[in-house]
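Biologist: Could you take a close look at one part of this model for me? I would like to hear about the interface between the two chains, seen from the second one.

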Amino acid sequence: MYPIWEGIFIHSAMYVAIVSAFHVLASHLTVAAAWFNLYLERRAVYEKRPELYEYLRRSALGLLVFAYVFGAMAGVGIWQTTTAANPRGISTLIHNFVFYWGAEWYMFLIDVVGIIAYYYSFGRVDPKTHLRLAWILALGGTGTLSIIVGILSFKLTPGLWLDTGVSLNGFFNPTFWPQIFLRFALMFPITAAWALLIVTGMPKTYPEREPIIRNAALMGLGGLAVALAIFVFWFYPVLPEHAKIIMRTRAIPPITYTVILGGIAATFAGLLFAWRFPQRQQRLIALGALFVLFAAIFGAERTREVLRKPDIIAGYMSSNQLVFNDLPARNIESEEQRLNETGMLGSLPFLPRPDQIVLPANSGLPNQTIAVGRTLVVQQCASCHNVSQQTALIGFNQRLALRSLADLLYLRRATTADLIKSRIRAIGGFQYMHPVVGTEEELSAMAQYLEYFVQQVHPSQPQVVTQR
Amino acid sequence: MNVGEMLKMMRDPLGAPFYPPALQVLLVVTWVLHIFFVTLALGSSLYAIWGFLRPTNYRLRLARVAARLTPNAVGLGIVTGIAPLLFVQTIYDPIWYASNTLTGFWSVSFIFVVMGGYSLAYLFYLKGSPDGKLLWSAVASFILLFFAGWIMHVLAAVSIRPERWMEWYAPNGIIDTRGVIFHAWNIPRLVFLLPLQAGLSLAVTLTLFGWYFRRNEEDAPFMQWVASLGRKLGLVISPLYALTGLLWATTEGVEFGIGWQVGITLVGVGVALTGYFFWLRQPIRYAPRTLLAWIGTLVIVGMVREAIRAVSLARFGYSVATYPYAFDWGSIIVFTVTTIVGVAVLAYLIMVMYQSGGVKHDAQISPRVERLGTIATGMLGAWFGFFLLVGLYATFFLR
């Protein structure tokens, strides 16, 4: 339906993942840090501890520069990367939820204008007025979280939306409630690491240094414990069966779980250490904690994205951007069914008919059939897989690529067009794959391109025949 | 498949959740807010560089203010850019998504470029601007921010030329999935929308700056100088604005068959601005009116952009007026309620900044603003009650 952007060196999906993980770190930080700062500011006002303002001022500047602005930029970055990587997926979200996003935008404006007002009015306005600004920041941040979770969770569990087509059903979907509380709790360990980073940059003589470290660590530990409990007793049980199966397949590499669990363990240990020995905290430890959290978030967000494979919107649209189920409530019919009859080429925008594919001498492809096959493979597989050398990092005898089809086929000894075609035909039997769409001829062309691709990556196999 | 069929097929099958022309209006209005901050960031960035390169007492002082303004304006430019991004995707999804995927690498790079520009601007503000060090960071920041503008310009230019998409994506039918080529641009449009508007946004902001600090008597000569510099800038740039508008009309306007209309409008706007700045003898006193005039101008420019887009797509039978839609009441209610709450809270925040910005300590926030703050904060708290109720209703009753 749209041109495919595969990515350059790095797969398009990885651009999304990197930007998203950063955005999650920054945006989650803004919410919980706002609550933590509100807690401290209340103590500053009501217990008459003005020295706390020094920490609050530093924290606010860091949040303004790092979390709010970079978080906002990364938020726009998610739009740009998802648009380039999977435009129809994001289109489904926008056409369902544009007004929810509009509502989130107000909350976000409150956040950004709020942090500017909060930071620049330190010492200028009455403490009670400033405390109100802290309240607004905390509430505004929580508002953004509340709204975005509905949109995010919709992708995995659209729930009743698949029957009613009503956006409210999609928004308040089965994983919305557990996820909102889970994320809210998880924000506090991030904020604890942030607080450590800020306070360890202040002089050792700062009188509130140790109390802030202990408070932050305790809050982080509490948040982590609550988040784990929500995951085990609420979030995991409401996950669709399909997602639970995916969690146990090779679709999620074991290293991901190692990173997540290692990150949780390291965060727990780090916060415990901070709580027990506040005087021994240093900036480097806090930076390390933030790095560990980034890695864990990266793993967790990747896992969340993979759980709904092979769909981009579970039960509605597959990762190759085709609607595969009817949605009678919105008068939408499955596209896959029609395309299996007419064929993909020439039936969708940006998929030229075979006769329009004329192989120039400098194309680098051996023959026209392989060029046709490449077009189809890119259309149907590139959203999740590396399907060419363009999105591989090659060096030091290593080739780094996202779920490379060349490697997967090679591992399964499907290295000739015939074997590959059999494999393609059977692919719908995998739990995390949809059946390939298209006519017999198109499947053959795809198989020939994939044989050529396997040959490129693993040249030990017999050379591909250049004319067929 | 012809271009018209292609565009029709590319529209999202879900349709829009509201009357599409209303979304088009929101698109223009929010774009105006966005482009003001974006061009202000570019303008202040350029002034900061110039002020440090050709220093006098006043220029240096203003350059430091500009260095501080740049990252804040970038931040606000990004935040205000989200709204038009939402609306363009809703009613112009085929062209926006096609241009972003055709230019995928640059579309994705955009945000890294902006982050780089913002970071360098902040570096210059924090570490360089007090004593004029690290000027390279200000220059590099300006280049990156301008380059980000160039990327957005290319995305817009690609989006309104759907007849060429296949030629760009699949020459001879062989698809190019790299997205590294800048396929289309229009230099007069770029110059009109970015550098010239950057100068004008800066000019208007300088008069506002003088107006805001007008009560500080010891600073009066400086503020007078700043405001008249704003007027001079406006006076010099406005004729160029008219001329470049004419060039835009004779290139892109003519290409889409509305050269006359675009030309008359943009030249008219440029001449009117020239006249306005010429007769603006008291720039401090009339600064709010100058801002209104500039916002009005940006609205007209936004409408011209929209007209070019509409005319380009009308060639293939695509029209916002015929975009399918179905009212989605749930989301409309959530948006409306949040708008009311959001506007109240934002009004309070802006009033606090306004009343506390002119002094270093102990600003007096008026009782009326404090009352607004109490109400707005209460409304924000009540919003969660509303959200919870809607959620419970949708979860347990809506079938």
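Modeller: Happy to. Please keep in mind that this is a predicted model. The count between chain B and chain A is one salt bridge. That bridge joins the side chains of A:Arg132 and B:Glu370, with 2.7 Å from N to O. On the side of chain B that touches chain A, helix H12 (residues 329–356) of chain B gives the most, with 17 residues. By class, that side of chain B has 66 nonpolar, 30 polar and nine charged residues.

Now for the extent of the interface. In contact with each other are 105 residues of chain B and 98 residues of chain A. Together the two chains bury about 8,900 Å², and carbon and sulfur atoms account for 74% of it. Of the area that chain B buries against chain A, 8% comes from B:Leu14, B:Tyr97 and B:Thr177, more than from any other three residues.

Between them, domain 1 and domain 2 of chain B bury about 640 Å², 64% of it on carbon and sulfur atoms. Here B:Pro17, B:Tyr212 and B:Phe327 supply 62% of the area that domain 1 buries against domain 2, more than any other three residues. Across this domain interface of chain B there are zero salt bridges, while five residue pairs are in polar contact, both at pLDDT 80 or more.

How values were computed:
Residues are numbered from 1 along each chain as its sequence is written. Chains are lettered from A and ligands numbered from 1 in the order in which they are written. This is a predicted model: local features need pLDDT of at least 70, side-chain atom pairs count only at pLDDT 80 or more; totals for chains, interfaces and linings use all residues. Side-chain values use heavy atoms; hydrogens and water are left out. Contact means heavy atoms within 4.5 Å. Buried area is the accessible area (1.4 Å probe) that two parts lose on being put together, summed over both. A salt bridge is a side-chain nitrogen of Lys or Arg within 4 Å of a carboxyl oxygen of Asp or Glu. Helices (H or I, at least four residues) and strands (E, at least two) are DSSP runs, numbered from the N terminus. Ala, Val, Leu, Ile, Met, Phe, Trp, Tyr, Cys and Pro count as nonpolar, Asp, Glu, Lys and Arg as charged, and the others, Gly among them, as polar. A polar contact is a pair of N or O atoms within 3.5 Å; within protein, one must be able to donate a hydrogen and the other to accept it, and residues adjacent in sequence count only if both atoms are side-chain atoms.
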